[in-house]
Amino acid sequence: MTGEQIPGGAATPPHKPYVPAESLVPEIGLAPVAIGAILGIIFGASSLYLVLKVGMTVSASIPIAVLSITLFRVIKPIIGRNATILENNIVQTTGSAGESIAFGVGVTMPALLILGYNLEVLRVMLVAVLGGLLGVLMMIPLRRVFIVKQHGRLVYPEGVACADVLIVGEKGGSSAATVFGGFGLAFIYQFMMMTLKMWKDVPSRMLHFFRGDGSTLFSFKGAAVALEATPTLLGVGYVIGPRIACIMVGGGIMASWVLLPLIIQFGEHINEPVYPGAVPISQMKLKDVFDNYVLYIGAGAVAAGGIISMIQSLPTIFGSIKAGLGDLASKGRGGAASASRLDRDISMKIVIVGCLALVIAIYLAPMLNVDHPLEALMIVFFGFLFVTVSARLTGEIGSSSNPISGMTVATLLLTCLIFVAVGWTGPSYRLTALSIAAIVCIACSNGGTVAQCLKTGYIVGATPRHQQVSILVGALTSALVIGVTLLLLNDSSTVYSKNNLPTDRIDVSTLDAKSKERVMGHYAANDTNEYLVLQARVGQLPGVLPGKYLVDEQGKICYLADPGINGKLESHDDGTKVTKYNAPKAALMSFIVDGILTQNLPWDLVLLGVSISIVLELAGIPSLPFAVGVYLPLYASTPIFVGGMVRFFADKIAKRSAAESEMSPGVLLSSGYIAGGSIAGIICAVFAAFATDLSKKIELGERVFGEAASSNWLPLIPFGILVVTLLLVGMTKNHESAKA
């Protein structure tokens, strides 16, 4: 293979894969694909948990590669030999699909709840499967464009790092112990906190300033400091680094120490409700003020940040499209394909037939509400456009920094504007617009991951066709399970409440008599009646706040069904706490759909958020992470900030370069923290919802620590142990590395 010419006349050296083309070693098989699928499901579930909590995920390729090397060593007596580097590569390729599909599902599908639709498992699974497979198939003809022809120009940093891990594992390494240790420590910590209730999960304190004698000097009304003491968010902060972590917590401080106090300071003197609130601000709790006002400001900031990041990427986007189409055309004129093992892709006939079959399935699926050829055409056009862009951007800045949410915002904006132009503004078109955006989002998210995995394979000498087949399997298995996981998380944290319900009777003739539901949760045992469902929207019914209600045949509202995702009630009527998921990116998608198609948003608040993002960009500060910090409660940003600061000091003490920092033991331990804490969080939430009596019996916190179990200082001790452990591990020297 000859060197490739790059602009300026320089040529890259000839590519020499770790496993030469003429070498025939075991690669694809039942064991590596099955292990990869299982790891993909695990990391997909943990990534879904993460994106619902803070709106972001981290790449799963490296921890999956590390775990694959270790697992194959464990099962060596069963298979009778060591796994090859290509088999480990198949495992990480198969498993990587879970994280990318989880991100696409997590930033789009929960918007259904906000828009007044139910989360149906078939709908979520279908969108995940169709988007995941479409992303893989659309990336296949782009492999030579981005991976081979631009080998010296597109770096794919995480793909190269993953190849480095695989090569080190082939030669022998001990990094897997770090990941497993982090996983175990985080899992035990999360179980003790969430299930055994040994300490509070969110210690918080209002900001008061005291005199020397202990009396209050003055209070910072409406301001509080809080910390969600979880290993998951601590690990995220370490992985994303100090700069983004600081910007994000800056957004949280803006919301909690500036916007909230301002709203309370001026609002408490107003006796009438201020839209979109339904009661005067003086009668609201701190969380109610946040939900009714700051949330919309944060949503506006996130929307503007996503759009600005997309606009900033336009030169790269147009360059990617031009280069991709030009290289595809030249490939079509280039004659016969090489017979080399390293150049074998899935047949283009299969790719074309597969894409057509997926589009037909989208068109025929009634639950997606895509019933017009123009809508199907939009999925194909936006899908291929943004898969191309995603593959290119992943090569330049890495998959963790790839602005998938910005591309999704662009898709949703363009889709809604097209709908308005042709007069499609009815309620059903909100579901259609969201379905189109969700499939495109999952496709471009998975497309970038496929490109990254193919880069890893290109370095280690994998067969592209085998990788493409394995990631198709991984996408299918992960998509099927992620839908169930999403519903489990939502159902386990849904609160059915009888408190403070509207007293006005509802006209039951306006409700769907065929769509009835039973109450779940704490009231399910004593109430087996079926109820009509009312999805109330902002301003739809006087005196009825937006939300889902269960109504009897006489029109009486009997229950409020507050969802686990983006819900507002943090405890059941008996006082039992539940874990809620803020899903910031999903809320953004719902705001865009509502704002354009129904024009039913508090635009003053939204535009205030837009203005914040514009000011930040003019000051040279990335607006999107700051905007996410504004949207999320401060307690979600503070552990991320702590993790970022730990990485800053660890790298300073160890005197690491930026490249060395990406492969440090601290990053591996953080990956274990993220996976272990997330998986434990899912298990504990489901256990608390479906084994209520048993979960109460094993709450040991008050029996062991007494009143201290509910104090704000006790959680700082176990969380401090996690922080110190991460700092000490982060300060140690990197495991042996190798250049591809």
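Author: Two strands count as paired if DSSP finds at least two bridges between them. Keep that handy, and remember that this is a predicted model.

Reader: OK, so which strand forms a hairpin with S6?

Author: Let's count bridges: four of them join S6, residues 547-551, to its antiparallel partner. At least two are needed for a pair, so this one qualifies. Five residues lie between the two strands, and Gly 555 in the turn has a positive phi of about 90 degrees.

Reader: Which residue in S7 is the bridge partner of Leu 550?

Author: Leu 550 pairs across to S7, the strand covering residues 557-562. Its partner there is Tyr 559.

Reader: And what stands opposite Val 495 in S7?

Author: S7 is also joined to S3, residues 495-497, by three bridges, and these two strands run antiparallel. Opposite Val 495, you'll find Asp 562.

Reader: How many residues of S7 are buried?

Author: Buried here means under 20% relative accessible area. S7 is mostly covered, and of its six residues, the number buried is six.

Reader: Switching to helices: are H6 and H18 roughly parallel or antiparallel?

Author: The axes of H6 (residues 121-139) and H18 (residues 464-492) come within 8 Å and cross at roughly 160 degrees. Angles over 145 count as roughly antiparallel. The two helices are therefore roughly antiparallel.

Terms used:
Residues numbered from 1 in each chain as written. Predicted model: local features only at pLDDT ≥ 70, side-chain atom pairs only at ≥ 80, totals over all residues. Heavy atoms only, no water. Axes fitted to C-alpha atoms, helices over the stretch in contact; angles between N-to-C directions. Helix = DSSP H or I, 4+ residues; strand = E, 2+ residues; numbered from the N terminus. Parallel < 35°, antiparallel > 145°, perpendicular 65-115°, else oblique. Buried < 20%, exposed > 50% of the residue type's maximum accessible area, 1.4 Å probe, protein only.
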